[in-house]
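Student: Please pick one spot in this model and take me through it closely. I want the surroundings too, with cut-offs.

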Amino acid sequence: MAVDISTPTPRATAEPARKTLAGKPALKPRRGTRSSLALKILMALTGLLLVGFLYAHMIGNLKIFFGAETFDHYGEWLRTLGTPLLPHEWFLWIQRGILTFAVVAHIVAATILARRARKARPVRYVHRPKVQGSYAARTMRWGGVIILLFVIYHILDLTTGTLNPNAAPGQPYANVTADFTPDRWYVTLFYTLSIVAVGFHLRHGLFSAVRTLGQRTARGERIARGAALLLSVVLVVGYLSVPFAVLTGLVD
């Protein structure tokens with residue numbers, strides 16, 4: 001009796017193997033993708049929270065152009081905000097706690113995503129190809145480090161007065177004008193470099209956040225890029241106007 005060599009047995013045994021190979025390994029990328037997406041959303045939301053604070057802080061800083069009385073009154077208002085519901089200065093401490101959490105979460109998420117990106121390409125190129133991203137995208141990491149160092153310095157300088165030899169408790173106008181005098185040009189220089197780094201970081205970060213939160217159309221991308229650039233320029237000009245006004249004698 002002839003043997004049927006077209007028996008489906010090999011296909012029957014191979015088919016479950018394909019399902020196994022196609023099924024089990026596919027679970028890991030999906031989980032990794034979901035995890036990475038969650039981290040990107042966390043970065044986007046914490047970034048937007050920090051951007052909102054930066055703009056509110058910038059608007060407050062611009063009150064210095066209305067004189068010492070107005071600026072000092074604004075500083076005192078921040079300390080009493082929320083009273084009598086909250087004790088004196090509690091609003092500031094709650095705000096600092098939220099901002100600290102946002103900064104830490106933003107940094108942790110960025111670090112994890114960066115490590116995953118490196119692991120996804122463990123072998124480096126012999127000849128590194130030219131990066132096609134924008135200048136802001138290529139400088140996000142070192143820009144973030146500069147911003148972190150600047151935040152720490154800024155707190156020690158104008159919040160606690162530790163690094164400001166001319167610090168006077170309860171006199172924010174006098175502290176700011178003393179901080180950016182011509183003889184302390186190095187403070188203004190560091191402040192300028194840091195704010196410019198914030199601008200680059202903000203420009204790329206805002207655009208990335210909008211994409212992460214669902215923007216995918218070509219028209220929306222153009223609008224997002226333009227808005228991110230405009231908001232970044234406004235922020236940089238707004239912050240740098242204060243130290244340069246002091247440096248040039250417009251505010252004294």
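Tutor: Start with F150, which is found in helix α5. Helices here are DSSP runs of H or I with at least four residues, strands are E runs of at least two, and both are numbered from the N terminus. The model is predicted, so local features need pLDDT of at least 70 and side-chain atom pairs pLDDT 80 or more, while totals for chains, interfaces and linings use all residues. Residues are numbered from 1 along each chain as its sequence is written, and side-chain values use heavy atoms, without hydrogens or water.

F150 is buried, at 9% relative accessible area. Buried means under 20%, exposed over 50%, and partly exposed in between, with a 1.4 Å probe and protein chains only. Which residues does F150 contact, beyond its neighbours within four places in sequence? They are F190, Y191, S194 and I195. Contact means heavy atoms within 4.5 Å. F190 is 40 residues from F150 along the chain, yet their C-alpha atoms are 8.1 Å apart.

Follow I195 next. Setting aside residues up to four places away, I195 touches V236, Y239 and L240 as well as F150. I195 is also among the residues with the most contacts inside the largest nonpolar core, along with I64, Y191 and L235. That core has 28 residues. Two or more residues each come from α1 (9-61), α5 (140-159), α6 (172-179), α7 (185-212) and α8 (218-247). The biggest contribution is from α8, with 9 residues. A nonpolar core is a set of buried Ala, Val, Leu, Ile, Met, Phe, Trp, Tyr and Cys residues joined through side-chain atoms within 4.5 Å.

Now the surface of α5. V145 is found in this helix too, but V145 is partly exposed, at 48% relative accessibility. The largest share of the patch, 5 residues, is from α5.
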